[in-house]
Amino acid sequence: MSEQSKEVTQADLLAYVDGRLPPADFDAVEAWLAANPARAAEVAHWQRQNEALHALFDPAGHEPVPARLEPAAIARGRAAGNSFRWTQVAAALVLVALGGAIGWAARDVVTPTEAASDILIDSAVTAHSLYVNENRHAVEVAAADREHLVNWLSSRVTQPINPPDLSADGFAFVGGRLLPPVEYGKTGPAAQLMYENAAGERVTVYITSALPDRAAAYEFTSRGPHEAFYWANDKITCTVVGELPDAEMQAVARKVYQQLTRRPDSSAGPMDYERGS
Amino acid sequence: MSGFLDEIEQSVPGLRRYARALTRNADRADDLVQDCIERALRKRGLFQPSGPLQAWLYRILLNLYRNSLRQTRRRGDHVSIDALVIEPAIPAPQPGRIALSEMSRAIDQLPDEQREALLLVVLEGMSYEEAAHILEIPAGTLMSRLSRARTALRQLTGNAEEPRLRTVK
């Protein structure tokens, strides 16, 4: 699979969508998809399937856990010979449960859960559009003060923030700033890193600590004139925003992804899956 | 013991989510999770922690779920609570998105084995290795179930506007 010429299999395409593709195979799969639009449309649909499944069911994992599901309480009940079984009173609770279940089921239909990724992407795009038009105040701390910037942002975001090197794509690091947490409240503050090329085009990288589910996710999307590439792993969420043509945007986004997921230790995150690479 | 309990506790939100997605019924899902924890505590003496505890818990949950399905089918089907919900006007999905109500129906129509596999990988973020281990099937079987599930979901949600794959334009 590492050579360009080798055929991409169905398993590779599934792994691509499930975030299980070895990073070394990314380019080959994407090149193959570019040449096979019908399969590319299918793969895109699979990505939408993932988004829909998360939107439908992730909320159930964030609900407060009822006392009857606390392992310690269950263990105590067992030790005390307590044979109380919830199912024995289930019948009496059917009506209550029915009401609750309808409410719960209807909630998803009436107001589809706005995915956390959407909120983060919106924040990243808003911050991007606000600051890329600034000249003197584009960043809070300039690249010249890199060490200070890295220490400061890393400590506030509580994850190491090492600005990726995008010079190969003609983008120089301008600097960064700290931004408040999004309303969603599940991540801490965000770091925004800004890059600029010789033509004055700017790209920003918006990083927060991981969402509570720490799930791997990635998504290319547009917000008006902006292109955004979002991905998340068990450590951080990252949104790359710019107005570049698709191909350039992807190249830059991939560089950011590769550099930010490089781990000093061998613990593979969900997306930089190392097995088989 | 408390380490064991803590480890179970950490898995509870994921188990609830998975059970909810399988049963589509909050109460039944939590009953399954409660049974799962009770069984885990009971079997604890037999459990050699050769594999991760989390995978073991998912496997117990799945077995309980499958047993409950068999019983339900023997007794005759109950009306699913979802079927009682009168669906209000569904907001149009954003372009390129699958309407959630459509996906909700589509996932229900998948064969059990495909639904179990897909939800483990997509929703629970299990690696292929973990999912195959939990389902007690070879890796190749898992991949073919995932593949068939993907294809079926695409057909079942076929009304959705063909999304653009932004990465390959």
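**Figure 1. Where strand 2 meets strand 3 in chain A.** In strand 3 of chain A, A:Ala190 is the bridge partner of A:Leu179. Strand 2 (residues 172-179) and strand 3 (residues 190-196) of chain A run antiparallel and are joined by seven bridges.

**Figure 2. The whole sheet of chain A.** Stepping back from the pair of strands, we find an open sheet of seven strands in chain A, with antiparallel pairing and the order 1-2-3-4-7-6-5. Which strands stand at the edges? They are strand 1 (141-142) and strand 5 (217-223) of chain A; each has a single partner strand, so one side of each is left without a neighbour in the sheet.

Figure 3. Helix 6 (residues 116-131) of chain A lies across strand 2, strand 3, strand 4 (202-209), strand 5, strand 6 (226-232) and strand 7 (236-242) of that chain. Its direction relative to strand 6 of chain A is about 135°. Helix 8 (residues 246-261) of chain A also packs on the sheet, where it touches strand 4, strand 6 and strand 7 of chain A. The direction of helix 8 makes about 155° with that of strand 7 of chain A.

**Figure 4. A loop residue of chain A with positive phi.** Have a look at A:Arg214, in the loop between strand 4 and strand 5 of chain A. Its phi is near 55°, a positive value, and the residue is not a glycine. Most residues other than glycine have a negative phi. Is A:Arg214 buried or partly exposed? With 16 other C-beta atoms within 10 Å, A:Arg214 is partly exposed, because a residue needs 20 or more to be called buried.

**Figure 5. A loop residue of chain B with positive phi.** B:Arg24 sits in the loop between helix 1 (2-23) and helix 2 (26-43) of chain B. This arginine, too, has a positive phi, of about 60°. B:Arg24 has 21 C-beta neighbours inside 10 Å and so counts as buried.

**Figure 6. Helix 6 and helix 7 of chain B side by side.** Chain B has eight helices and zero strands, so this view is about helix against helix. Helix 6 (residues 112-122) of chain B packs against helix 7 (residues 128-135) of chain B at an angle of about 145°, and their axes are 9 Å apart. The crossing of the two helices is right-handed. Which residues of the two helices meet? From helix 6 of chain B come B:Glu116, B:Ala117, B:Leu120 and B:Val121, and from helix 7 of chain B come B:Tyr128, B:Ala131, B:Ile134 and B:Leu135. By class, this contact has seven nonpolar residues, no polar ones and one charged residue.

**Figure 7. How helix 6 of chain B is covered.** Eight of the eleven residues of helix 6 of chain B are buried, leaving the helix mostly covered. The buried residues are B:Gln114, B:Glu116, B:Ala117, B:Leu118, B:Leu119, B:Leu120, B:Val121 and B:Val122. Over chain B as a whole, buried residues make up 41% of the 169 residues.

**Figure 8. B:Arg150 and its contacts in chain A.** B:Arg150 lies in helix 8 (residues 139-156) of chain B. This arginine has 24 C-beta neighbours inside 10 Å, so B:Arg150 counts as buried. Which residues does B:Arg150 contact, leaving aside its neighbours within four places in sequence? They are A:Trp46 and A:Gln49.

**Figure 9. Stretches of chain A to read with care.** Chain A has a mean pLDDT of 81, with 78% of its residues at 70 or more. Over residues 108-112 of chain A, pLDDT stays under 50; the model has eleven contacts for this stretch beyond four places in sequence. Residues 265-277 of chain A also have pLDDT below 50, and this stretch has 29 contacts in the model beyond near neighbours in sequence. Where pLDDT is low, the predicted coordinates should not be read in detail.

Definitions and conventions:
Residues numbered from 1 in each chain as written. Chains lettered and ligands numbered in written order. Predicted model: local features only at pLDDT ≥ 70, side-chain atom pairs only at ≥ 80, totals over all residues. Pairing = 2+ DSSP bridges. Helix = DSSP H or I, 4+ residues; strand = E, 2+ residues; numbered from the N terminus. Contact = placed C-beta atoms within 7 Å. Axes fitted to C-alpha atoms, helices over the stretch in contact; angles between N-to-C directions. Left-handed = near helix turned anticlockwise from the far one by under 90°. Nonpolar A, V, L, I, M, F, W, Y, C, P; charged D, E, K, R; others polar. Buried ≥ 20, exposed ≤ 12 C-beta atoms within 10 Å, placed from the backbone. pLDDT = per-residue confidence, 0-100.
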